[in-house]
Each structure stands twice: as C-alpha cells, then as structure tokens.
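The entries follow in the order in which I made them.

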Amino acid sequence: MIRNLQFSRNSAGVMATTKPVEQTASATSIEPRASENVFSVQANLGGAANVITVEVSNDGVNWAACPGQAVGAGGAAVPTITANGVSVYMVQCRYFRLNLSTYVSGTVTAEVSIGSGWIR
C-alpha cells in the first residue's frame, strides 16, 4: 500500500503537511510504519532558487540530512532537492521530514509517497 502526503510552505523552515494522515509524528514529520522504507518526493520549487533538504531522525529532536537520488539524474545521492521532479529515498529511521532550507520566493509544494521495498 502506498500512502501520500502533500506539503506546502512559502517561507524558510520545516514544511508542514496540508493533508493530515494517520501515523504521523506531527504535522511536519512522517512516522513510517514498520514495513515502510521507501519515500519518493515530487517537488515543485515554485520557480525560484528554493532548496528542500530531506531530513531523518530516530528521536524527533536531532535531525540529519538524508541523501536520495533524483529519478533519471544519475550521479551521487544528495540530501537536497534543487530542481522540480521526483527523488527517491531508502530510509531506515523513525521520522522523515522536508525542510525548506533555502527560500527565495513563491510557494514550494511537495508530495511524498511512502511504501515498502523498491518503488517500481
């Protein structure tokens, strides 16, 4: 089963969900179920040089950047989203969140899909 959450923000800071879902730690982070370890993020950066940093945590207090791979981009995995598109993350942490770490202008949106194993 795939779950989806939408996030939105128009200022710097942790992005908040605009669609509440069960099993979330808060409005700003996702707590995956035991079998869920794959996250895909489809981001729209609002047409500006905005940057999303993908972060993970085991305690919900201390956060670390989580490298992921932009679909079709190749190259090294990076923890930031700097262009519109889809990125995929394999996560073995308790919490997952999106931090709008660089904000220039516009409204930044992202849809997160959560599933098990590899997203096909």
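Entry 1. I began with E55, which I located in strand β6, residues 51-57. The model is predicted, and I read every value below as computed from it.

Entry 2. Is E55 buried or exposed? I found a relative accessibility of 11%. Buried means under 20%, so E55 counts as buried.

Entry 3. I then asked which side chains make polar contacts with the side chain of E55. The side chain of N99 is joined to that of E55 by a polar contact of 3.3 Å.

Entry 4. I listed the contacts of E55, setting aside neighbours within four places in sequence. They are W63, A64, A65, C66, Y95, F96, R97 and N99.

Entry 5. I turned to strand β5, residues 38-44, and its pairing with β12: the two run antiparallel over 7 bridges. β5 also pairs with strand β10, residues 85-90, in the antiparallel sense over 6 bridges.

Entry 6. I used F39 to trace both pairings. Its bridge partner in β12 is I114, and in β10 F39 stands opposite Y89.

Entry 7. I checked how far β12, residues 108-115, is covered: 6 of its 8 residues are buried.

Entry 8. Finally, I noted that strand β8, residues 69-70, is joined to β10 by 2 bridges, in the antiparallel sense. Q69 has V88 as its bridge partner in β10.

Technical notes: Residues numbered from 1 in each chain as written. Predicted model: local features only at pLDDT ≥ 70, side-chain atom pairs only at ≥ 80, totals over all residues. Heavy atoms only, no water. Buried < 20%, exposed > 50% of the residue type's maximum accessible area, 1.4 Å probe, protein only. Helix = DSSP H or I, 4+ residues; strand = E, 2+ residues; numbered from the N terminus. Pairing = 2+ DSSP bridges. Polar contact = N/O pair within 3.5 Å; in protein donor to acceptor, adjacent residues only side chain to side chain. Contact = heavy atoms within 4.5 Å.
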